[in-house]
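User: I'm new to this one. Can you walk me through it?

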Amino acid sequence: MVYVTSDTHGAFDIHKINPREFTAAQSMGSDDYLLICGDFGCIWDGGKTDEFWLKWLESLPWTTLFIDGNHENFDVLSTYPVREWAGGKIREIRKNIFYLMRGEIYDFAGKTWFALGGGYSHDSSFRTRGTDWWHEEVFSKEEAENALNNLKKHGGKVDVILSHDVYASHSCSEVYPLELDRYPEDRINQMEFLEDIRTRTDYRLWLCGHYHQDSIEFADQKPCRMLFNDVREIDDLMEEARTAKLQLEEKSRLENAEEEDSCSAGFLSSHQLCAIG
Ligand SMILES: [Fe+2]
């Protein structure tokens, strides 16, 4: 089983995956995964606090996987060794805690997963570079190229896309103004890049976080599920998305039927044509 959530933020929000609160955890074992869509936050001070949480996570029976969000210490994260796992590159944090690197595609638990971590800190002007903010929070050109190459190798098709921030056409993309001039030349516009990935990838479900809400929306009929408080099993999320899509289609069918009815009624009562457009 693969359970998914987002934004654990170290000590602040990690309680949601504590087996005392996340009761499904009590039946999870070594073949199961807990996946965090960024803002893991347990690689932050590079010292005792990180050690405390990593030791606790390591003691849990499952494998913890995470993509990066904007609230990771990228200097410390980059010190962990890179190795191959499930068809892609990971950084091994502990024997059962892996960082899924940007642009890598993995095959595990019967699905393929495309990791596209990173995201914009909307409060970066109040933060200090190298202390609590890093340019590396968004994709470099090289990372983007790697992602596109890997996607090509997989024939443009994956089951699940994992991101922290959203693609440009998502309704949350304009919640905060972007301060793009704070990033050096080698960084790309992350939301536009994710939008490009969205339009060129055949995927079943997009999962993201960052905006601290649990919601679902569709782009070209494809679901994007945002997670925050929820810790949900992946097949359960896929079923939820399928149901939400059917409900939307039914709603739109009823609205169209209502519109047609009112057009017919208007025609019969006034002998006038309904306005079009
Ligand atoms: Fe975030």
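Analyst: Here is a short tour, from the whole protein down to single residues. Keep in mind that this is a predicted model.

User: Fine. How many helices and strands does the protein have?
Analyst: The secondary structure comes to five helices and 13 strands.

User: And what does the C-alpha trace span along its principal axes?
Analyst: About 80 × 45 × 40 Å.

User: How much of the protein is buried?
Analyst: Buried residues make up 34% of the 277 residues.

User: What about contacts along the chain?
Analyst: Take the contacts with a separation of 6 or more. Of these, 68% join residues 24 or more positions apart.

User: Now the open sheet. What is the order of its six strands?
Analyst: The order is S7-S8-S9-S10-S12-S11, with mixed pairing.

User: Which strands stand at the edges?
Analyst: Strand S7 (105–108) and strand S11 (215–219). Each has a single partner strand, so one side of each is left without a neighbour in the sheet.

User: How much are neighbouring strands turned against each other?
Analyst: By 25° on average, direction ignored.

User: Back to S7. In which sense does S7 pair with S8, parallel or antiparallel?
Analyst: Antiparallel, over four bridges, with S8 covering residues 111–116. Asp107 stands opposite Thr112 in S8.

User: New topic. Where is Lys153 found?
Analyst: In helix H3, which runs over residues 141–153.

User: Is Lys153 buried or exposed?
Analyst: Lys153 counts as exposed, because it has 10 C-beta neighbours inside 10 Å. The cut-off for exposed is 12 or fewer.

User: And what separates Lys153 from Arg242?
Analyst: They are 89 residues apart along the chain, and their C-alpha atoms are separated by 28 Å.

How values were computed:
Residues numbered from 1 in each chain as written. Predicted model: local features only at pLDDT ≥ 70, side-chain atom pairs only at ≥ 80, totals over all residues. Pairing = 2+ DSSP bridges. Helix = DSSP H or I, 4+ residues; strand = E, 2+ residues; numbered from the N terminus. Axes fitted to C-alpha atoms, helices over the stretch in contact; angles between N-to-C directions. Buried ≥ 20, exposed ≤ 12 C-beta atoms within 10 Å, placed from the backbone. Contact = placed C-beta atoms within 7 Å.
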